[in-house]
Amino acid sequence: MTVTLIPIDAAGRTAVLGLHVSPDQDDFVASNAESLDEADENPECFPLAIAAGGLVVGFAMYALDSDDDNYWIYRLMIDRRYQGRGFGRAALRALIARLSAHAGCDAIYLGVAPENVVAAELYVGEGFAPTGEMFEGEIVMRRPVAR
């Protein structure tokens, strides 16, 4: 499964705003509109469209968080129409590769809602492990970056 991570321009913004998770996942991830607003206000955030086969199928955002100087995956979502096809795993691998390429990136962090078992299993399968910490009600997970 090949996906491309594309920095968001005006056209990408419109496409990303049209993406939505299934209703039972709404509580697990901020809306793309909220995430893009956050990126507009916070220069640490890098929003990306997830594209496959010429279609925008998802949205991701990462940051070098100034609070702890760590790289975080802030958002990863695949539109409900494209879930279950491997795009999430492929996008996560592409994000890991992108972040791992940064010289100062020794580990990648993310948060996952305790009830979001499917996402947690995906993250564990790609080398993330719970740190034992919670942040804003989410389980903090960490993946070391091999050098």
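## The largest pocket

The largest pocket has a volume of about 1,300 Å³. A pocket here is an open set of points on a 1 Å grid over the protein atoms alone, where a 1.4 Å probe fits and protein lies on both sides within 12 Å along at least five of seven lines; the volume is the space filled by probe spheres set on the points. The model is predicted, with local features requiring pLDDT of at least 70 and side-chain atom pairs pLDDT 80 or more, while totals for chains, interfaces and linings use all residues. Residues are numbered from 1 along each chain as its sequence is written, and side-chain values use heavy atoms, without hydrogens and water.

The lining of the largest pocket comprises 47 residues, a lining residue being one with an atom within 4 Å of a point. Nearest the centre of the pocket are Phe-28, Leu-76, Gly-111, Asn-116 and Tyr-123. By class, 24 lining residues are nonpolar, nine polar and 14 charged; Ala, Val, Leu, Ile, Met, Phe, Trp, Tyr, Cys and Pro count as nonpolar, Asp, Glu, Lys and Arg as charged, and the others, Gly among them, as polar. Elements that each supply at least two lining residues include helix 3 (87–100), helix 4 (117–125) and strand 7 (138–144). Strand 4 gives the largest share, seven residues.

## The sheet

Seven strands form an open sheet in the order 1-2-3-4-5-7-6, with mixed pairing. Strands (E, at least two residues) and helices (H or I, at least four) are DSSP runs numbered from the N terminus, and two strands pair if DSSP finds at least two bridges between them. Strand 1 (4–7) and strand 6 are the edge strands, each pairing on one side only. From one strand to the next, the twist averages 35°. Strand 1 runs antiparallel to strand 2 over four bridges, and Leu-5 stands opposite Ile-50 in strand 2.

Strand 4 pairs with strand 3 in the antiparallel sense over eight bridges and with strand 5 in the parallel sense over three bridges. Trp-72 of strand 4 is the bridge partner of Ala-63 and also stands opposite Tyr-109 in strand 5. The hairpin of strand 3 and strand 4 has four residues between the strands, and in it Asp-69 takes a positive phi near 60°.

## Aromatic pairs

The model contains four aromatic pairs, counted where ring centres of Phe, Tyr and Trp (its six-membered ring) lie within 6.5 Å; planes under 30 degrees apart are stacked, over 60 edge-to-face and the rest tilted. The Phe-46 and Tyr-62 pair is stacked because the ring centres are 5.1 Å apart and the planes meet at 20°. This pair joins strand 2 (residues 45–52) to strand 3 (residues 55–65), its members being 16 residues apart. Phe-46 is partly exposed, at 39% relative accessible area, whereas Tyr-62 is buried, at 6%.

Tyr-82 and Phe-87 make an edge-to-face pair, with 6.4 Å between centres and 75° between planes. Both Tyr-82 and Phe-87 are buried.

## An exposed loop residue

Glu-115 lies in the loop between strand 5 and helix 4. With a relative accessible area of 57%, Glu-115 is exposed. Glu-115 and Arg-85 are separated by 30 residues in sequence and by 22 Å in space, C-alpha to C-alpha.

Conventions. Buried < 20%, exposed > 50% of the residue type's maximum accessible area, 1.4 Å probe, protein only. Axes fitted to C-alpha atoms, helices over the stretch in contact; angles between N-to-C directions.
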